[in-house]
Amino acid sequence: MTALAGRPIVVGVDGSDESLVGLAWAVREAMHEHRGLRLVHAWEVPVPGYVPVPASVDLVRDSAEAVLAESVAKVQEWSPGLQVEGRLTHGPAARVLVDEGAEGALVVVGSHGRGGFARLLLGSSSAAVAAHASVPVVVTRGTEPDEAWRIAPVVVGVDGSEVSEAAIEFAFQAASRRGRGLVAVHAWSQPDPLVDEAYAVLSEASTRQTEARLAVAESLAGWRDKYPDVEVSEVVADGHPVDALLAEAARCEASLLVVGCRGRGGFAGLLLGSVSRGVLHHATCPIAVVRPVATV
C-alpha cells in the first residue's frame with residue numbers, strides 16, 4: 001500500500017473506555033509503522049432541530065476540546081516521541097472520521113463509543129466508518145487494552161477476489177511488523193444434493209476441497225516470497241466464511257482479523273459484504289476491513 005506512505009493513522013476519540021482501547025491500539029500501530037497519529041473528535045448539538053443559545057454551544061465545544069486534549073495528553077504520556085495532532089470538527093462522528101480518514105493511512109475506531117449499548121458489539125458510527133472509509137479501518141474491541149497483539153497471529157480471509165488480495169497484503173504487512181504468524185482461512189460449501197444434484201454428481205467434496213487448497217496456495221504464493229519472515233498456515237473449511245473466520249480467530253486468539261470489504265459474489269453498489277458485516281458484528285478481537293487503495 002505504497003499509496004499511503006507518509007500518511008498518519010487517524011483515530012476517533014470520544015472519551016469512552018472503548019475509545020481509549022482504540023487509542024492504545026493506534027499508538028502501538030503508529031510505533032510499528034513509524035507514522036504520526038491524528039486524533040479526531042467530532043462534536044455536534046445533541047438534539048436534532050434544536051436551535052441552541054450561544055452559551056450552550058460554547059459549553060458543548062469546551063467539553064469536546066477537553067476530551068481531545070485529554071486524549072492527546074494520553075498519547076504523549078504513553079509514547080513521548082510519537083508525533084501526534086488533535087483535530088476538533090463539528091459534525092456527525094462517522095462522517096467526520098470518513099472525511100479525515102481520506103487523508104490518512106488507516107482509521108481506528110472503538111467498537112462503540114458514548115451512548116452505545118453494552119450488549120452491542122458494533123455501534124452505528126463504527127459500522128458506518130467501516131462501510132464508507134476509503135482506507136482500511138480497524139475496529140477494536142472491549143473496554144480494556146488487549147495484550148494478545150504481543151504473541152497472537154493475524155488471521156485473514158482468502159477468496160481469490162481483488163478485495164481479498166488487498167486484505168492479504170494488509171495482513172502480511174501486519175504480521176511482519178509484529179513478528180507474528182499468519183493464518184489464511186478459506187471456506188467452501190458442499191453443494192446440496194437436493195438443490196444441485198447434477199453439480200453434486202460431477203463435483204465430489206474431495207475434489208472441491210483440493211481445488212480450494214490450490215486456490216489458497218496460489219493467492220499466497222507471491223506474498224510468501226515477499227514476506228519470507230512470516231510463518232504462514234492455511235485453513236480450508238467446509239462451511240460459511242463468517243463461521244470459519246470466527247472459529248479460527250477464537251481458536252488461535254488472533255491479535256487481528258483481516259477481511260476485505262466484500263468478496264466474491266458481492267454487488268458493486270454494496271460497500272460491505274455479508275462476510276465483513278458478519279465478522280464486524282460477532283468477532284471479539286480487533287477487525288481490519290480492507291478495500292483496494294488506488295495508487296495516486
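The model is predicted, so local features need pLDDT of at least 70 and side-chain atom pairs count only at pLDDT 80 or more, while totals for chains, interfaces and linings use all residues. Residues are numbered from 1 along each chain as its sequence is written, and side-chain values use heavy atoms, with hydrogens and water left out.

**Overall make-up**
- The chain has 9 helices and 10 strands, taken as DSSP runs numbered from the N terminus (helices: H or I, at least four residues; strands: E, at least two).
- Of the 296 residues, 47% are buried, meaning under 20% relative accessible area with a 1.4 Å probe, protein chains only.

**The sheet**
- An open sheet with mixed pairing holds 10 strands in the order β3-β2-β1-β4-β5-β10-β9-β6-β7-β8; two strands pair if DSSP finds at least two bridges between them.
- The edge strands β3 (84–90) and β8 (232–238) each have a single partner strand, so one side of each lacks a neighbour in the sheet.
- Strands β1 (residues 9–12) and β4 (residues 106–110) run parallel and are joined by 3 bridges.
- In this pair, Val11 stands opposite Val108 of β4.

**The cores**
- The largest nonpolar core has 44 residues; such a core is a set of buried Ala, Val, Leu, Ile, Met, Phe, Trp, Tyr and Cys residues joined through side-chain atoms within 4.5 Å.
- Helix α5 (residues 162–178) gives this core its largest share, 8 residues.
- A second, separate core has 32 residues, including Ala94 and Leu257.

Methods: Buried < 20%, exposed > 50% of the residue type's maximum accessible area, 1.4 Å probe, protein only.
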